[in-house]
Amino acid sequence: MGAYSLPKLAYTYDALEPHFDKATMEIHHSKHHQAYVNNLNKGLETIDKNLIGMSNSLESIFENINKFPEGIRNNAGGHYNHSLFWNSLSPKGGGVPQGTLATAINSSFGSFEEFKKQFTDAATKRFGSGWAWLVVKDGKLVIGSTANQDNPLMRLKGNGLKGKPVLALDVWEHAYYLKNQNRRADYIASFWNLVNWEEAEKLFKS
């Protein structure tokens, strides 16, 4: 079982300015995300050997998440969620989606503006730390949010957002506090200038 590693970004830490600042991006990626990777690798070294076979991929961990300790849940989620989040951003992002994703958004939500409103609402109303998501569920697009480092791929007991992630937004305070302090709404508004719709389209089609 190979160790997980911090993925390299497709852009420099200052490439997303003025929307996301360099200092936040550097700390968020090199400190916060790196910590999830380190703790995940350490945690996997200590789990029951019967679970080793399940942990060859993050997806297999999420499929069997209730069999793993909470630390694995938090750190595997943190690694996966952040990896998807970085790819959801681009210095050339923003605007509106094209192609099949645009058609699906219009079909599911009536218009791009309505989708944007609902996604912003999900991100704004997530109490405490967590994530906002656009996912594919049963062939349809669904918006929702998860707490902490949970994600829609986790087979968690009880209610929760389920589906294949297409777009993710981190709404933990560490994602925006240096630039926006407690103004999450300003951070969410900045996010729309950076959305990598090409990557979202790839995830939607795959």
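This is a predicted model: local features need pLDDT of at least 70, side-chain atom pairs count only at pLDDT 80 or more; totals for chains, interfaces and linings use all residues.
Colleague: Is S111 buried or exposed, or does it fall in between?

Modeller: Burial is read from relative accessibility: under 20% is buried and over 50% is exposed. S111 has 28% relative accessibility, and therefore counts as partly exposed. When residues up to four places away in sequence are left out, S111 touches I105 and N106.

Colleague: How should I read a helix such as helix 8, and which of its residues are buried?

Modeller: An α-helix has 3.6 residues a turn, so residues three or four places apart point the same way. In helix 8 (residues 197–205), the buried residues are W197, E199, A200, E201 and L203. They pack against helix 3 (70–87), helix 4, helix 5 and strand 3 (164–170).

Colleague: Which residues line the largest pocket, and what is its volume?

Modeller: The volume of the largest pocket is about 150 Å³. Its lining consists of S90, K92, G93, G94, V96, P97, Q98, V195, N196, W197, E198 and E201. By class, this lining has 4 nonpolar, 5 polar and 3 charged residues. W197 and E201 are among the lining residues, and both are also listed as buried in helix 8.

Colleague: Turning to the strands, why is strand 1 described as largely enclosed by the rest of the structure?

Modeller: In a regular strand the side chains alternate between the two faces of the sheet. For strand 1 (residues 130–137), 7 of the 8 residues are buried, so the strand is largely enclosed by the rest of the structure.

Colleague: How many bridges join strand 1 to strand 2, and how many join strand 1 to strand 3?

Modeller: Strand 1 and strand 2 (residues 140–147) run antiparallel and are joined by 8 bridges; within this pairing, K137 stands opposite K140. The two strands form a hairpin with 2 residues between them, and D138 in the turn has a positive phi of about 55 degrees. Strand 1 also runs antiparallel to strand 3, with 6 bridges joining them. There, V136 stands opposite K164.

Colleague: Finally, where is D14 found, and with which side chain does it make a polar contact?

Modeller: D14 lies in the segment before helix 1 (22–46). Its relative accessibility is 39%, so D14 counts as partly exposed. The side chain of D14 makes a polar contact with the side chain of T12 at 2.6 Å. The C-alpha atoms of D14 and K202 are separated by 25 Å, with the two residues 188 residues apart along the chain.

Definitions and conventions
Residues are numbered from 1 along each chain as its sequence is written. Side-chain values use heavy atoms; hydrogens and water are left out. Buried means under 20% relative accessible area, exposed over 50%, partly exposed in between (1.4 Å probe, protein chains only). Contact means heavy atoms within 4.5 Å. On a 1 Å grid over the protein atoms alone, a cavity is a set of points where a 1.4 Å probe fits but cannot get out, and a pocket is an open set with protein on both sides within 12 Å along at least five of seven lines; lining residues have an atom within 4 Å of a point. Grid points are joined across faces, edges and corners, and a volume is the space filled by probe spheres set on the points. Ala, Val, Leu, Ile, Met, Phe, Trp, Tyr, Cys and Pro count as nonpolar, Asp, Glu, Lys and Arg as charged, and the others, Gly among them, as polar. Helices (H or I, at least four residues) and strands (E, at least two) are DSSP runs, numbered from the N terminus. A polar contact is a pair of N or O atoms within 3.5 Å; within protein, one must be able to donate a hydrogen and the other to accept it, and residues adjacent in sequence count only if both atoms are side-chain atoms. Two strands pair if DSSP finds at least two bridges between them.
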